[in-house]
Amino acid sequence: MTTVAEIELLLREALLALPPWQGVLVTITVSLLVAKGIELLGKTVIPHLTARIEGEVDDVIFKTIQAPLYVSVVLIGAYIATVPLGLAPTVDAPLLAGTLSTLTVLWAFTLTRLGRKVSKVVTNEREFDQTVVPIFQNVWTAVILGATIFLLLTLWQIDITPFLASAGIIGIVVGLAARDTIANFFGGIALYFDGTYAVGDYIVLESGERGRVEDISIRSTVIRTRDDMLVTVPNAVLNSARIVNESTPERERRIRLPVGVAYGTDIDRVEEVLLAEADAENLILEQPHPRVRFRSFGESALDFELLCWIGDPVLRGRATHEMNKRIYQAFTRESIEIPFPQRVVTMANELPAAPVATPDSVVGDGGE
């Protein structure tokens, strides 16, 4: 199999066999023709191919890399055109390093720009998880930047050992100074891969705050509470806290409605009334079926609990309000007593008489 080095050697020998001016002319002509072919290919063939693929990601990729490919072919052709001139190694080596450095910077900029464009496109497409988009964009940019610096140092034959030692010290300093930011970054990654929550989920924090997740960034999570306030919580805090996600695995949630009735009440009738009111309320789901449980014998009441399901956790407060109203009105119609603690205070009509002093209780003037 012919290697790249062998192809380069054959190409160099073929160009050196020509007169210098012919070699330069042939090289420039071929590079321009190839660049023109890439341009025509990008305008005619590729649009027809990408039209058959769903989504806009492929269109963004081809449109972004088309111009850099054109420029790359021209730059490579310009360097190859210097081969017939027979430049000295002291001139040829820096020229090659400069050409490759230009290509490296060009493609680093192109790939970074491509990452931003792809992130913007996939954010607007529902089939992609929006949580991972900012993480992908930041990691992609960091990798491209690190690879570009490494390639540039290698092309110019600069020893990177001192830079690695300095980078270690700088990394420690930056890590200590930005430990919160780094913790939030890795906290966001952990929350994504754990699948703790997603945008639109209704969650309850360990502090008791509850609300809908509005946005998940690389640093923090924004939650809209029931008071319509936006609360921003760092990802590092959420990663180490206990979070209740009420939107998974299903959005349906069960609510519990405790109620007490007086001793002596027909408990079967109580159960019938509670189930009838649950069936009549539109916010209560028919499946799973509502049910009633007789929980305990209380101090002043028989304690029941109505268990029913709602379609979304955000409806919990409204459904509880409506059902409490229905239960109270139904118990009133059915003459079912809802007892409450009572205290009887008894007041005496006369105060007790004050004690009378006796002679024995009086201390004499004499004494021992």
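Helix 10 (residues 316–333) lies across strand 6 and strand 8, running at about 30° to strand 6; here contact means heavy atoms within 4.5 Å, and angles run from 0 to 180 degrees between N-to-C directions of axes fitted to C-alpha atoms, for helices over the stretch in contact. Helices (H or I, at least four residues) and strands (E, at least two) are DSSP runs numbered from the N terminus. This is a predicted model, in which local features need pLDDT of at least 70 and side-chain atom pairs count only at pLDDT 80 or more, while totals for chains, interfaces and linings use all residues. Residues are numbered from 1 along each chain as its sequence is written, and side-chain values use heavy atoms, with hydrogens and water left out.

Helix 9 (residues 267–280) lies across strand 6, strand 7 and strand 8, at about 20° to strand 8. These strands form an open sheet of three in the order 6-8-7, with antiparallel pairing, where pairing requires at least two DSSP bridges between two strands. Strand 6 (253–261) and strand 7 (291–297) are the edge strands, each pairing on one side only. Strand 7 is joined to strand 8 (residues 302–310) by six bridges, and Val-292 has Leu-306 as its bridge partner in strand 8.

The largest cavity is lined by Leu-205, Glu-209, Arg-210, Gly-211, Ile-223, Thr-225 and Val-231; a cavity is a set of points, on a 1 Å grid over the protein atoms alone, where a 1.4 Å probe fits but cannot get out, and lining residues have an atom within 4 Å of a point. Strand 2 (210–216) and strand 3 (220–225) are the elements that give two or more residues to this lining.

How values were computed
1 Å grid on protein atoms, 1.4 Å probe; cavity = no way out; pocket = protein on both sides within 12 Å on 5 of 7 lines; lining within 4 Å.
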